[in-house]
Amino acid sequence: MPTVLLLGAASDMAVAIARKMASKGYTVQLAARSAQRLQALCSDIEVRYQVNCSLHEFDAIDFASHAKFFHSLSQKPDVTICVFGYLGENESARVNWSESEKIIHSNYTGAVSILNIVSNYYAEQKKGTIVGISSVAGERGRQSNYIYGSAKAGFTAYLSGLRNRMFREGVHVVSVQPGFVYTRMTESIKLPPLLTAKPEQVADTVYAAIQNKKNTVYVKWFWRWIMLIIKCIPEFMFKKMKL
Ligand SMILES: NC(=O)c1ccc[n+]([C@@H]2O[C@H](COP(=O)([O-])OP(=O)(O)OC[C@H]3O[C@@H](n4cnc5c(N)ncnc54)[C@H](OP(=O)(O)O)[C@@H]3O)[C@@H](O)[C@H]2O)c1
């Protein structure tokens with residue numbers, strides 16, 4: 001049976017993705033900070049889907065631990081899904097470097113650190129799938145969240161370059177670009193229902209992208225076109241807008 005590793009497994013999206021992958025017969029590895037808190041989820045996945053599930057301690061911004069973390073997995077995953085992220089507070093980050101640094105490390109540097117290790121392993125094996133959950137926020141900087149957005153932009157560019165590098169190695173890289181999703185990250189924000197997806201829709205999109213060898217996928221198809229329009233607004237107009 002194939003194995004999937006979820007990095008940032010306590011996230012609402014990761015939980016939905018873990019259940020989806022388990023329902024398709026994948027052995028599940030849940031990696032998170034304080035991973036023991038996911039014991040009930042892990043047991044539920046094992047009973048409900050009749051697959052093995054294991055817990056692994058993982059901190060995305062403890063870069064020095066990443067090589068040991070990956071190399072100590074007794075079973076190497078066929079699919080690695082990088083879900084962790086941190087929205088943070090743009091206003092606070094503007095004046096507080098530690099908040100900026102946390103946003104950048106949690107959405108970009110941490111992902112580069114762990115995915116370099118995973119992708120080097122997959123390149124040696126000449127197989128494997130990497131999925132990165134980035135964001136439409138990375139497609140154009142906006143005043144309300146440009147520190148988070150710029151970190152996601154970096155992650156999106158990293159995934160694109162990684163896909164290009166790994167193509168000849170037989171390794172598949174998927175970039176996932178969600179718009180709004182109802183999760184813990186957005187619970188304090190009033191989201192427009194028509195534009196907002198549920199974590200289960202993200203999970204369906206991720207599974208289909210893996211199966212169909214997609215490169216970049218949007219959760220809720222119209223976000224591709226919304227972002228195309230946003231990217232086409234001339235800069236002299238865009239800079240005056242309140243977005
Ligand atoms: N919700 C949206 O509207 C939306 C839209 C576009 C993209 N995204 C992206 O989707 C991904 C999943 O987010 P979500 O919406 O499911 O939010 P979430 O439930 O808040 O999940 C974020 C997860 O990231 C984990 N995390 C943060 N820093 C970490 C670190 N240093 N090490 C390990 N794990 C860390 C958190 O772990 P703890 O549980 O330990 O805090 C949390 O479980 C994120 O990358 C987010 O940026 C979200």
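Axes here are lines fitted to C-alpha atoms, for helices over the stretch in contact, and angles between N-to-C directions run from 0 to 180 degrees. Every view below shows a predicted model.

**View 1. Helix α1 packed on helix α2.** Helix α1 covers residues 12-23 and helix α2 covers residues 39-49. The two pack at an angle of about 25°. Their axes are 10 Å apart. Angles under 35 degrees count as roughly parallel, so α1 is roughly parallel to α2. The crossing of α1 past α2 is right-handed. From α1, the contact draws on V15, A18, R19, A22 and S23. From α2, L41, D44, I45, R48 and Y49 take part. By class, the residues of this α1 and α2 contact are 6 nonpolar, 1 polar and 3 charged.

**View 2. Helix α1 packed on helix α7.** Helix α7 spans residues 199-211. It packs with α1 at an angle of about 50°, and the axes are 8 Å apart. The pair is therefore oblique. α1 and α7 make a right-handed crossing. On the α1 side, the contact is made by D12, M13, A16, I17, K20 and M21. On the α7 side, P199, E200, V202, A203, D204, V206, Y207 and I210 make the contact. The contact of α1 with α7 holds 10 nonpolar and 4 charged residues, with no polar ones.

**View 3. Helix α5 packed on helix α6.** Helix α5 runs over residues 97-125, and helix α6 over residues 146-166. Their packing angle is about 10°. The axes lie 8 Å apart. α5 and α6 are therefore roughly parallel to each other. The residues of the contact of α5 with α6 fall into 16 nonpolar, 6 polar and 2 charged.

**View 4. Surroundings of the ligand.** The ligand is surrounded by 27 residues. The closest are R37, A60, V83, Y148 and T183. R37 also places a polar side-chain atom 2.8 Å from an oxygen atom of the ligand.

View 5. For V181, a backbone N or O atom lies 2.8 Å from an oxygen atom of the ligand. For D12, a polar backbone atom is 3.1 Å from an oxygen atom of the ligand.

Methods:
Residues numbered from 1 in each chain as written. Predicted model: local features only at pLDDT ≥ 70, side-chain atom pairs only at ≥ 80, totals over all residues. Heavy atoms only, no water. Helix = DSSP H or I, 4+ residues; strand = E, 2+ residues; numbered from the N terminus. Parallel < 35°, antiparallel > 145°, perpendicular 65-115°, else oblique. Left-handed = near helix turned anticlockwise from the far one by under 90°. Contact = heavy atoms within 4.5 Å. Nonpolar A, V, L, I, M, F, W, Y, C, P; charged D, E, K, R; others polar. Near = heavy atom within 4 Å. Polar contact = N/O pair within 3.5 Å; in protein donor to acceptor, adjacent residues only side chain to side chain.
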